[in-house]
Amino acid sequence: MACSDPPSTELFGMSESLEDQLKRAMRGLAKSVVVITTALRGERHAMAATAVTPLSMEPPSMLFCINRTASAYPILLDGAGFCVNLLAIHHEPIARLCSGPLKGAARFENDHFAMDDDGVPYLTDAQSSVTCVQDGRVPYGTHDVFFGKVKTVRIAGKIEPLVYIDGLYKGLAS
């Protein structure tokens with residue numbers, strides 16, 4: 001195909017909506033699975049997420065994106081701190097629990113979570129847990145981007161991330 005030829009509609013899935021094309025394209029973007037935990041006035045929430053990234057090392061900070069329909073959204077909107085818990089391959093059941101129909105405290109009915117001194121829940125055996133003080137929010141489309149200044153980092157040791165790709169949870173081969 002010459003540079004001036006229009007792209008094939010079959011090649012780029014032009015019969016699909018732009019949203020569907022983007023969803024299909026992003027199925028090939030492997031991302032580490034995390035569980036975002038938060039609490040406010042004793043109300044705890046946990047949600048599986050992949051739209052999470054470090055933002056800056058000066059100051060140490062993180063960001064994540066959350067749909068405004070998520071059950072944890074109102075607590076975060078009130079300014080609650082949060083923890084980014086990076087999951088290891090053996091945490092797939094926790095990832096499923098935190099992305100399934102159970103909400104709120106029901107996602108904590110096991111011995112895997114503890115509370116830090118400020119009342120932010122964290123996964124005790126996470127590959128690593130990064131607790132943040134909320135430091136801003138930007139709305140965009142159906143989601144909000146939340147920013148957090150890192151307060152504490154807990155690291156378990158061995159790196160065996162749980163990865164989400166093409167709609168499946170997987171581990172990485174060494």
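Tutor: A residue is called exposed if its relative accessible area is over 50%, buried if that value is under 20%, and partly exposed in between. The model before us is a predicted one, and we shall set its computed values against such cut-offs.

Student: Why does Lys 158 count as exposed?

Tutor: Lys 158 has 63% relative accessibility. The cut-off for exposed is over 50%, so Lys 158 counts as exposed. The side chain of Lys 158 also meets that of Glu 160 in a salt bridge.

Student: What makes the contact of Glu 160 and Lys 158 a salt bridge?

Tutor: The distance from N to O is 3.2 Å. A salt bridge requires the side-chain nitrogen of Lys or Arg to be within 4 Å of a carboxyl oxygen of Asp or Glu, and the pair therefore qualifies. Glu 160 has a relative accessible area of 34%, so it counts as partly exposed.

Student: How many salt bridges does this rule give?

Tutor: The count comes to nine salt bridges. One of them joins Arg 27 and Asp 166, at 2.8 Å from N to O.

Student: Why is the pair of Arg 27 and Asp 166 said to tie parts together?

Tutor: Arg 27 lies in the loop between helix H2 and strand E1, while Asp 166 lies in the loop between strands E11 and E12, so the pair connects parts that are 139 residues apart in sequence. With 41% relative accessibility, Arg 27 is partly exposed; Asp 166, at 45%, is partly exposed as well.

Student: Which salt bridge does Asp 116 form?

Tutor: The side chain of Asp 116 meets that of Lys 151 at 3.4 Å, N to O. Asp 116 belongs to the loop between strands E7 and E8, and Lys 151 to strand E10, so this bridge ties together parts 35 residues apart in sequence.

Student: Are Asp 116 and Lys 151 buried or exposed, or do they fall in between?

Tutor: Asp 116 has 11% relative accessibility, so it counts as buried. Lys 151, with a relative accessible area of 34%, is partly exposed. A network of salt bridges also links Arg 68, Arg 137 and Asp 144.

Student: How do you know that Phe 64 and Phe 82 form an aromatic pair, and what kind of pair is it?

Tutor: By the rule for such rings, the count comes to five aromatic pairs. Phe 64 and Phe 82 have their centres 4.8 Å apart, with 70 degrees between the planes. The centres must lie within 6.5 Å, and planes over 60 degrees apart count as edge-to-face; the pair is therefore edge-to-face. The pair links distant parts of the chain, with Phe 64 in strand E5 and Phe 82 in strand E6, 18 residues apart. Both residues are buried. Phe 64, Tyr 73, Phe 82 and Phe 146 form one aromatic cluster.

Student: What lies over the face of Tyr 122?

Tutor: Arg 154 lies there, at 3.6 Å from the ring centre. The limit for such an arrangement is 6 Å.

Student: Why is strand E2 described as largely enclosed?

Tutor: Six of the seven residues of E2 are buried, so the rest of the structure largely encloses this strand.

Student: What makes E2 and E3 a pair of strands?

Tutor: E2 and E3 are joined antiparallel over seven bridges, and at least two are required. Leu 40 stands opposite Glu 43 in E3. E2 also runs antiparallel to E6, with five bridges between them; here Thr 38 stands opposite Phe 82.

Student: Which residue in the hairpin of E2 and E3 takes a positive phi?

Tutor: The residue is Arg 41, with phi near 50 degrees; the hairpin has two residues between its strands. Arg 41 has 71% relative accessibility, so it counts as exposed.

Student: Which residues form the nonpolar patch on the surface?

Tutor: Leu 22, Met 26 and Leu 29 form this patch, with about 290 Å² of accessible area together. Leu 22 is placed in helix H2 and, at 52% relative accessibility, counts as exposed.

Student: What makes the peptide bond from Glu 58 to Pro 59 cis?

Tutor: The omega of this bond is near 0 degrees. Pro 59 lies in the loop between strands E4 and E5.

Definitions and conventions: Residues are numbered from 1 along each chain as its sequence is written. This is a predicted model: local features need pLDDT of at least 70, side-chain atom pairs count only at pLDDT 80 or more; totals for chains, interfaces and linings use all residues. Side-chain values use heavy atoms; hydrogens and water are left out. Rings of Phe, Tyr and Trp (its six-membered ring) pair if their centres lie within 6.5 Å; planes under 30 degrees apart count as stacked, over 60 as edge-to-face and the rest as tilted. Helices (H or I, at least four residues) and strands (E, at least two) are DSSP runs, numbered from the N terminus. Buried means under 20% relative accessible area, exposed over 50%, partly exposed in between (1.4 Å probe, protein chains only). A charge sits over a ring if NZ of Lys or CZ of Arg is within 6 Å of the ring centre and within 35 degrees of the ring normal. Patches are made of residues with over 30% relative accessible area and no salt bridge: like charges are joined within 9 Å, nonpolar side chains (Val, Leu, Ile, Met, Phe, Trp, Tyr) within 5 Å. Accessible areas come from the Shrake-Rupley method with a 1.4 Å probe; for residues, only the protein chains shown count as cover.
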